[in-house]
Amino acid sequence: GVAVLEACAAGVVPVITDMDALGEIYADSGAVVVPRGESRRWTDNYLETVFKLMENPDEIKARSERVREFAQQYSWQIVAKQWDEMLQRRQGGKKL
């Protein structure tokens with residue numbers, strides 16, 4: 001998951017599978033999610049998806065912007081603030 005998020009932060013459109021939770025987490029991010037299937041068929045479908053994306057620079061640009069925006073919600077500043085707030089609540093509002 002972290003490598004996919006790093007790609008998103010860099011504006012690189014990830015092409016991922018719906019294995020584990022990746023498909024759910026990145027479904028609305030702009031990433032391309034290829035459904036799992038029988039091994040050989042899945043490989044062909046995955047490659048076809050990558051090639052179609054490569055042939056469409058407008059789609060790449062639009063998705064690149066979406067994935068970059070998606071990744072911003074997981075910046076260190078935002079995540080650290082969320083952790084700080086959560087820990088303060090657990091400590092009864094005391095500043096850490």
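**Ser29 and the chain around it**

Buried means under 20% relative accessible area, exposed over 50%, partly exposed in between, with a 1.4 Å probe and protein chains only.

A word on the source. This is a predicted model, where local features need pLDDT of at least 70, side-chain atom pairs count only at pLDDT 80 or more, and totals for chains, interfaces and linings use all residues. Residues are numbered from 1 along each chain as its sequence is written, and side-chain values use heavy atoms, leaving out hydrogens and water.

Where does Ser29 sit? In the loop between α2 (22–26) and β2 (32–34). Helices (H or I, at least four residues) and strands (E, at least two) are DSSP runs, numbered from the N terminus.

What does Ser29 touch? Leaving aside residues up to four places away in sequence, Ser29 touches Arg66, Val67 and Phe70. Contact means heavy atoms within 4.5 Å.

Now its side chain. The side chain of Ser29 reaches the backbone oxygen of Tyr26 at 2.7 Å. A polar atom of that side chain also lies 3.1 Å from the backbone nitrogen of Ala31.

Next, the whole chain. It has 5 helices and 2 strands. Along the sequence, the pattern is α-β-α-β-α-α-α. The radius of gyration is 17 Å, well over the 12 Å that the globule rule gives for 96 residues, so the chain is more spread out than a compact globule. That radius is taken over C-alpha atoms, and the rule is 2.2 Å times the number of residues to the power 0.38.

Back to burial: buried residues make up 26% of the 96 residues.

Methods
Polar contact = N/O pair within 3.5 Å; in protein donor to acceptor, adjacent residues only side chain to side chain.
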